[in-house]
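Subject: Structure for your review

Dear colleague,

Please find below the structure that I am handing over to you.

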Amino acid sequence: MVQIKAVGDCGALVELGDSISETVNSKVMELNRKINEHSLEGILETVPAFCSVLVCYDPLKTDYNAVSKVLFQLSESLEGRTGTGGRLVEIPVCYGGSFGPDLSFVAEHGNITEEEVIRIHCSKDYRIYMLGFLPGFPYLAGMDERIFTPRLKTPRTRIPAGSIGIGGEQTGIYPMDSPGGWQLIGRTPYRLFKPEQAGRPLYEAGDSIRFAPISQEEYKEIKRKQEKG
């Protein structure tokens with residue numbers, strides 16, 4: 001059941017469900033794509049999330065009634081096909097040690113070894129349901145329940161950019177230095193947030209991420225190349 005709500009005087013929120021699922025999120029991405037392809041007059045930005053799309057518009061060029069009417073029309077024929085569309089982006093990760101100080105806790109919590117945590121974490125392709133919290137922070141669903149781990153009771157005041165974390169049933173990547181409360185299991189040498197760079201980013205909502213384990217030596221080499229540009 002599609003619901004559309006006004007958000008302030010220049011936004012419309014399209015809700016396509018109330019649960020985190022690939023089917024609902026596929027509809028979100030499909031609608032987001034249709035809105036952008038439709039080139040609606042006055043539309044400034046769309047923000048896809050787990051179950052909804054926020055549409056921001058210029059109130060001097062259009063209004064809520066006009067926008068919501070078109071959004072209802074575009075929402076009528078959504079298919080929500082899973083397993084289609086989006087890119088698959090591989091992210092190298094150096095697990096454990098100073099890069100992943102909570103890897104041992106995740107292993108202990110799941111009653112498995114650290115090596116098993118790494119193998120399990122790298123065994124799936126994770127759909128990016130949405131970007132949020134920080135620019136470029138991907139919320140990834142589909143993690144194996146064997147490595148579900150609660151967040152820290154007391155968040156860290158600073159987490160290094162590139163850190164890979166587990167928070168409850170989800171995993172994600174901190175694209176810049178920031179506070180955070182997820183369990184850190186590794187770090188990627190990739191620089192993920194590049195505000196000075198034009199063009200399409202490394203990944204977007206609707207894409208998928210695959211993690212690949214690397215050694216500390218490989219981490220240092222990739223990091224060196226990244227810093228050189």
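The notes below go from the whole chain to its sheets, a loop residue and a pocket.

Please bear in mind that this is a predicted model.

Overall form. The chain holds five helices and 13 strands. Its radius of gyration is 19 Å, close to the 17 Å that the globule rule gives for 229 residues, so the chain is as compact as a globular protein of that length. Along the principal axes, the C-alpha atoms fill a box of roughly 55 × 40 × 35 Å. Of the 229 residues, 47% are buried.

The four-stranded sheet. Four strands form an open sheet in the order β1-β2-β4-β3, and their pairing is antiparallel. At the edges stand β1 (3-6) and β3 (43-48), each of which pairs on one side only. On average, neighbouring strands of this sheet are turned by 20° against each other, direction ignored. Within the sheet, β2 (residues 11-15) and β4 (residues 52-57) are joined by five bridges in the antiparallel sense. Valine 14, for instance, has valine 53 in β4 as its bridge partner.

Pairings of β13. Strand β13 (residues 208-213) runs parallel to β5 (residues 88-95), and six bridges join the two. Here leucine 88 stands opposite serine 208. Strand β13 also pairs with β6 (residues 125-131), in this case in the antiparallel sense and over three bridges. In that pairing, tyrosine 126 stands opposite isoleucine 209 of β13.

A loop residue. Asparagine 111 lies in the loop between α3 (103-110) and α4 (114-121). Its relative accessibility is 71%, and it therefore counts as exposed, the cut-off being over 50%. From cysteine 94, asparagine 111 is separated by 17 residues in sequence and by 22 Å in space, C-alpha to C-alpha.

The second largest pocket. This pocket has a volume of about 370 Å³. Its lining comprises 17 residues, and those nearest its centre are Leu192, Lys194, Gln197, Pro201 and Leu202. What is the make-up of the lining in terms of nonpolar, polar and charged residues? The lining of the second largest pocket divides into 10 nonpolar, four polar and three charged residues.

With kind regards

Methods: Residues are numbered from 1 along each chain as its sequence is written. This is a predicted model: local features need pLDDT of at least 70, side-chain atom pairs count only at pLDDT 80 or more; totals for chains, interfaces and linings use all residues. Side-chain values use heavy atoms; hydrogens and water are left out. Two strands pair if DSSP finds at least two bridges between them. Axes are lines fitted to C-alpha atoms, for helices over the stretch in contact, and angles run from 0 to 180 degrees between N-to-C directions. On a 1 Å grid over the protein atoms alone, a cavity is a set of points where a 1.4 Å probe fits but cannot get out, and a pocket is an open set with protein on both sides within 12 Å along at least five of seven lines; lining residues have an atom within 4 Å of a point. Grid points are joined across faces, edges and corners, and a volume is the space filled by probe spheres set on the points. Ala, Val, Leu, Ile, Met, Phe, Trp, Tyr, Cys and Pro count as nonpolar, Asp, Glu, Lys and Arg as charged, and the others, Gly among them, as polar. The radius of gyration is taken over C-alpha atoms; the globule rule is 2.2 Å times the number of residues to the power 0.38. Buried means under 20% relative accessible area, exposed over 50%, partly exposed in between (1.4 Å probe, protein chains only).
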